[in-house]
Amino acid sequence: MASQHCVVLGAGLMGRLMAWTLSQQGHQVQLHEAQAPSVHGSAAWVAAAMLAPLAESAITELNVVKMGAYGLTRWPNLLAQLEQKVFFQQLGTLVVWHRQDLPEANRFASKLGETRQHLPELQAPVSLDRQALQALEPSLAESFQHGLLLPGEAQLDNRQLLDALMHQLNNPLVSLHYSSAVSPAQFTQADWVIDCRGTGARSDWKHLRGVRGEVVRVYAPEVQL
């Protein structure tokens, strides 16, 4: 494909990924971000960066789970191409519950079973008794009798990833524009306009809705999970 003039709106995680990918293919890219370069107000900055499609199938649609499952196969290769190291681990998701929450745990396990009927490529959950939990996470076995391991699920450091992607965008094919609150309609001469603003695009996409999540960040270097 001949070189195209591409405009990417939003310099969060998806915007940076898109701009980098397009520049890798030889396209000229303008990247516009309404905030400052730090993008501390973006969803990507505060996200937990859990790559857990099976776990999240309990609360989301199947097509989102499918995309997450595909993403698990893509992330290791993508991160290997970055010049800066980004923390990534694929040790699975561990779910534990107190005795009084057993009915909810059973409902959760049943939902995961339904998901795997549609997506059998996702690894089956592994039930853990206290002994197995002790071997996997000794400190948790003191408080929990049972657990569920979802093999293959992963986690990365989204803040390291944002920095690493910005480092990759330091190339002649990419021009960065900060404090630039723009709309797709302003770029009539571009070959491609790709909107990655998230909820920042509500003024142009009236039916856009955000998905609320909460993250607690705890600094405890002496704790290893």
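E33 sits in the loop between strand 2 and helix 2. Helices (H or I, at least four residues) and strands (E, at least two) are DSSP runs, numbered from the N terminus. The model is predicted: local features need pLDDT of at least 70, side-chain atom pairs count only at pLDDT 80 or more, and totals for chains, interfaces and linings use all residues. Residues are numbered from 1 along each chain as its sequence is written, and side-chain values use heavy atoms, with hydrogens and water left out.

E33 is buried, with a relative accessible area of 8%. Buried means under 20% relative accessible area, exposed over 50%, and partly exposed in between (1.4 Å probe, protein chains only). Contact means heavy atoms within 4.5 Å. Not counting residues up to four places away in sequence, E33 touches G10, A11, G12, V39, H177, Y178, S179 and S180. Its side chain also reaches the backbone nitrogen of Q35 at 2.9 Å. This is a polar contact: a pair of N or O atoms within 3.5 Å, where within protein one must be able to donate a hydrogen and the other to accept it, and residues adjacent in sequence count only if both atoms are side-chain atoms. E33 and L173 are 140 residues apart in sequence and 17 Å apart in space, C-alpha to C-alpha.

S180 belongs to the loop between strand 9 and strand 10 (192-195). S180 is buried too, at a relative accessible area of 15%. Leaving out residues up to four places away in sequence, S180 touches H32, E33 and A34.

## Nonpolar cores

A nonpolar core is a set of buried Ala, Val, Leu, Ile, Met, Phe, Trp, Tyr and Cys residues joined through side-chain atoms within 4.5 Å. The largest one has 27 residues, and W75, L82 and L161 have the most contacts inside it. Six elements are listed as giving two or more residues to this core: strand 1 (5-9), helix 1 (13-24), strand 2 (28-32), helix 4 (62-80), strand 8 (154-156) and helix 8 (158-168). Apart from it lies another core, of 15 residues, among them V65, A105, L119 and L148.

L161 touches L13, W75, L79, L82, V86 and L156, not counting residues up to four places away in sequence. L161 is one of the buried residues of helix 8, together with N158, L162, A164, L165, M166 and Q168. These buried residues pack against helix 1, helix 2 (43-46), helix 4, strand 8 and strand 9 (174-177). At the start of helix 8, a side-chain oxygen of D157 comes to within 3.0 Å of the backbone nitrogen of R159.

Three strands form an open sheet in the order 3-8-4, with antiparallel pairing. Two strands pair if DSSP finds at least two bridges between them. Strand 3 (50-51) and strand 4 (88-89) are the edge strands, each pairing on one side only. Two bridges join strand 4 to strand 8. F88 stands opposite L156 in strand 8.

T93 lies in strand 5 (residues 93-96). T93 counts as buried, at 12% relative accessibility. A polar contact of 2.5 Å joins the side chains of T93 and E153. Neighbours within four places in sequence aside, T93 is in contact with A52, A55, L148, L149, L150 and E153.

## Salt bridges

How many salt bridges does the structure hold? There are three. A salt bridge is a side-chain nitrogen of Lys or Arg within 4 Å of a carboxyl oxygen of Asp or Glu.

| Pair | N to O distance |
|---|---|
| E104 and R107 | 3.0 Å |
| R197 and D195 | 2.7 Å |
| R197 and D204 | 2.9 Å |

D195 is partly exposed at 26% relative accessibility. D204 is partly exposed as well, with a relative accessible area of 33%.

E104 and R107 both lie in helix 5 (residues 102-118), three residues apart, about one turn of the helix. An α-helix has 3.6 residues a turn, so residues three or four places apart point the same way. E104 is partly exposed, with a relative accessible area of 44%. R107 is partly exposed at 41%.
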